[in-house]
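Please read the numbered points alongside the sequence and the coordinates.

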Amino acid sequence: MPSEETRERINKVVELSRTVIHYGWIPFIIYVGFTRSNPQPSLIKLISPLA
């Protein structure tokens, strides 16, 4: 059985992973769609809605 310190470390790693996935999922999907589209739009059109 893992010690209390090990459980705390695992819990911190899981919480950090959840945070990274939570805030990184949509940008990742946008990036994949941007790089896989054909023809590939310019980067300024992706960033600026007025361009």
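1. I30 counts as partly exposed, at 44% relative accessibility; buried means under 20% relative accessible area, exposed over 50%, and partly exposed in between, with a 1.4 Å probe and protein chains only. The residue lies in helix α1. Helices are DSSP runs (H or I, at least four residues), numbered from the N terminus.

2. On the basis of the note: this is a predicted model, in which local features need pLDDT of at least 70 and side-chain atom pairs count only at pLDDT 80 or more, while totals for chains, interfaces and linings use all residues. Residues are numbered from 1 along each chain as its sequence is written, and side-chain values use heavy atoms, with hydrogens and water left out.

3. I30 is also one of the residues of a nonpolar surface patch of about 1,100 Å², together with I21, W25, I26, F28, I29, Y31, L43, L46 and I47. Two elements, α1 and α2 (43-47), each give two or more residues to this patch. The largest contribution is that of α1, with seven residues. Patch members have over 30% relative accessible area and no salt bridge; nonpolar side chains (Val, Leu, Ile, Met, Phe, Trp, Tyr) are joined within 5 Å, and like charges within 9 Å. Areas come from the Shrake-Rupley method with a 1.4 Å probe, and for residues only the protein chains shown count as cover.

4. How many aromatic pairs are there? Rings of Phe, Tyr and Trp (its six-membered ring) pair if their centres lie within 6.5 Å; planes under 30 degrees apart count as stacked, over 60 as edge-to-face and the rest as tilted. The count by this rule is one. The pair is W25 with F28, tilted, at 6.2 Å centre to centre and 40 degrees between the planes. Both residues lie in helix α1 (residues 4-36), three residues apart, about one turn of the helix. F28 is partly exposed, with a relative accessible area of 45%.

5. The whole structure holds two salt bridges, each a side-chain nitrogen of Lys or Arg within 4 Å of a carboxyl oxygen of Asp or Glu. R9 meets E5 at 3.1 Å, N to O; these residues are four apart in helix α1, about one helical turn. E15 is bridged to R18, with the closest N and O atoms 3.6 Å apart. R18 is exposed, at 55%, whereas E15 is partly exposed, at 40%.

6. Most peptide bonds are trans. The bond from N38 to P39 is cis, with omega near 0 degrees. P39 is found in the loop between α1 and α2.
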